[in-house]
Protein chains: 2
Amino acid sequence: MTIHRITGVYSAATTPLNADDSPDLGLFTAHCQRLLDEGCHGVALLGTTGEANSFSSTERRGILEAALKAGIAPDQLMPGTGVAAIPDTVELTRHALSVGVTRVVMLPPFYYKGVSDDGLFSAYARIIETIADDRLRVVLYHIPQVSGIPLTLPLIGRLIAAFPDTVVGIKDSAGDFANMQALLAAFPGFSVLAGADPLLLPLIKAGGAGCITATSNLVADSLRTVYDHASDPTRAAEVDAAQARINAYRSLSNSYVQIPTIKAMVGLKNGNSAWARPRPPLMALSAADQADLAVKFAQLP
Amino acid sequence: MTIHRITGVYSAATTPLNADDSPDLGLFTAHCQRLLDEGCHGVALLGTTGEANSFSSTERRGILEAALKAGIAPDQLMPGTGVAAIPDTVELTRHALSVGVTRVVMLPPFYYKGVSDDGLFSAYARIIETIADDRLRVVLYHIPQVSGIPLTLPLIGRLIAAFPDTVVGIKDSAGDFANMQALLAAFPGFSVLAGADPLLLPLIKAGGAGCITATSNLVADSLRTVYDHASDPTRAAEVDAAQARINAYRSLSNSYVQIPTIKAMVGLKNGNSAWARPRPPLMALSAADQADLAVKFAQLP
């Protein structure tokens, strides 16, 4: 067994909004507490599901600080800090470190497409060297279907070689299990975290480190069951049922636009329709889709 | 003839960097002055060619203020202000207005892909309604090959209908002349600006309003010749030669990675190799490519 430096079930927590589109910090921190109560090891706030890149740096800092102020421990929080401009990524990451949060999920700069591995290496290196804080632990973020920027194995290998104590893991949200297997084979000890819920069980069985997923907003307990018992043959039925439940939630959320649907489903779970609001350019489900979703949600296992 | 509210040759000005990657404001403002001397009606600073999304909001404000401080008139400046998060776009646009710059080029929020026209309309509407300044003139920015976010004709039509005195033009950088023709046909009086140099002449002949292009950093005089005389049959040979010269520069810049190559070519034109630096994730040309470029640059018309 390899020893990972980042392990467990992390929730790609959604961010509820007030009627004026500002983050509802009270509802958010209550949600984070509930996610931990339900079994998450930590909260990977301010990711794609959390609409991080729709918030200003000021709003992002406020969301992270609200979670800490609500009593969530710094080592239970793993915020996204990667944005398009290097100085902003540096500033967000330094802010996290300044409040004791040492682990971050970091998108590559994502405006320019088709950039070289040299360019991406240079960007990450510039960020890490500018921050120059030995405490920092970076989880790379591979989500090419949204960012437009795939992180290749050669790039990842160069980053691990250059920053072995800093670049310690990756959130792989591309949904391609072969890529995860290649990562595990190439980089022993590097923490591969599933970004796509259906791949949690196969990833854990293959030696992966855990997950950061959207469905955890709804079925954290099932994710925890899979994570804890994936390798125990005596509990295979329980584990398979948990993964099937995860997949059912995932399948329903993906039958509409995913992020607004996750938010609507959190609202259905908690009886608070305020959850359904996303910030533009994402849009809330139509009333018809919301009604349809409610019926199907009630039928989930 | 329709009357456009934004017309002319605008340079998508590149942004030179100091050795520490900070913007070289002195070199930048001298470049802007030269572009105006060479025939540009204005400088569309802080666009894709200007690496705007690689700069922080603070750096962007500093670059715009430096241009004003150098004596460039506010109505000669058209900065890019559209970023991924609505509050940041609002803040950058308000800053421009606060210093007397009323015309901006505005990308849609560009992190999430595959978003709906409703979502993009809502984002632009939220931005314009939050700013709530009658002076504001917005040039939409269609560059799907970089932003990942195409702006469709129905979306543009909705924005013009909702904000007829604000949404007054579009920079179309997709390089598809049929789309420009469709825009001209659908929205009389809406200022269609070519983002791709080779399309300036056909666009002007078809009733377009002008251009915002990268090659203007090198051959602004030729762009101005095309713009001024495109419809004068007695000067067709001169105009065709100017467009051919533009195309030759464009072709050379696009035979390497475009933006670093434009910067390197500005450096060759002005005898200052410091121009060649881009900010990561863009990378300077290799020494071999730079040498190859210098030979070919010297042979350009």
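Two strands count as paired here if DSSP finds at least two bridges between them, and helices (H or I, at least four residues) and strands (E, at least two) are DSSP runs numbered from the N terminus. This is a predicted model in which local features need pLDDT of at least 70 and side-chain atom pairs count only at pLDDT 80 or more, while totals for chains, interfaces and linings use all residues. Residues are numbered from 1 along each chain as its sequence is written, chains are lettered from A and ligands numbered from 1 in the order in which they are written, and side-chain values use heavy atoms, with hydrogens and water left out.

**View 1. The sheet of chain A is open and has seven strands.** Reading across, the order is β2-β1-β7-β6-β5-β4-β3, with parallel pairing. The edges belong to β2 (42–43) and β3 (103–106) of chain A; each has a single partner strand, so one side of each is left without a neighbour in the sheet. Further in, β5 (residues 167–172) and β6 (residues 191–194) of chain A run parallel and share four bridges. Look for A:G169, whose bridge partner in β6(A) is A:S191.

**View 2. Chain B also has an open sheet of seven strands.** Its parallel strands follow the order β2-β1-β7-β6-β5-β4-β3. At the edges of this one are β2 (42–43) and β3 (103–106) of chain B, each with a single partner strand, so one side of each is left without a neighbour in the sheet. Zoom in on β1 (residues 8–11) of chain B, which pairs with β2(B) in the parallel sense over two bridges. There, B:S11 sits opposite B:V43 of β2(B).

**View 3. Chains A and B meet through 41 residues from each chain.** Contact means heavy atoms within 4.5 Å. Between them the chains bury about 2900 Å², with 65% of it on carbon and sulfur atoms; buried area is the accessible area (1.4 Å probe) that two parts lose on being put together, summed over both. On the chain A side, A:Y111, A:Y112 and A:P281 supply 28% of the area buried against chain B, more than any other three residues.

**View 4. Two salt bridges link chain A and chain B.** A salt bridge is a side-chain nitrogen of Lys or Arg within 4 Å of a carboxyl oxygen of Asp or Glu. In one of them, A:D21 meets B:R126, with the closest N and O atoms 2.3 Å apart. A:R126 and B:D21 also form a salt bridge, at 2.2 Å from N to O. A:R126 lies in helix α4 (residues 117–131) of chain A and B:D21 in the loop between β1 and α1 (25–37) of chain B, so the pair joins two chains.

**View 5. The largest pocket has a volume of about 580 Å³.** On a 1 Å grid over the protein atoms alone, a pocket is an open set of points with protein on both sides within 12 Å along at least five of seven lines, and lining residues have an atom within 4 Å of a point. Points are joined across faces, edges and corners, and a volume is the space filled by probe spheres set on them. Of the 32 lining residues, A:Y112, B:V146, B:V257, B:Q258 and B:I259 are the closest to the centre of the pocket. Helix α11(B) gives the most to this lining, with three residues.

Technical notes:
On a 1 Å grid over the protein atoms alone, a cavity is a set of points where a 1.4 Å probe fits but cannot get out, and a pocket is an open set with protein on both sides within 12 Å along at least five of seven lines; lining residues have an atom within 4 Å of a point.
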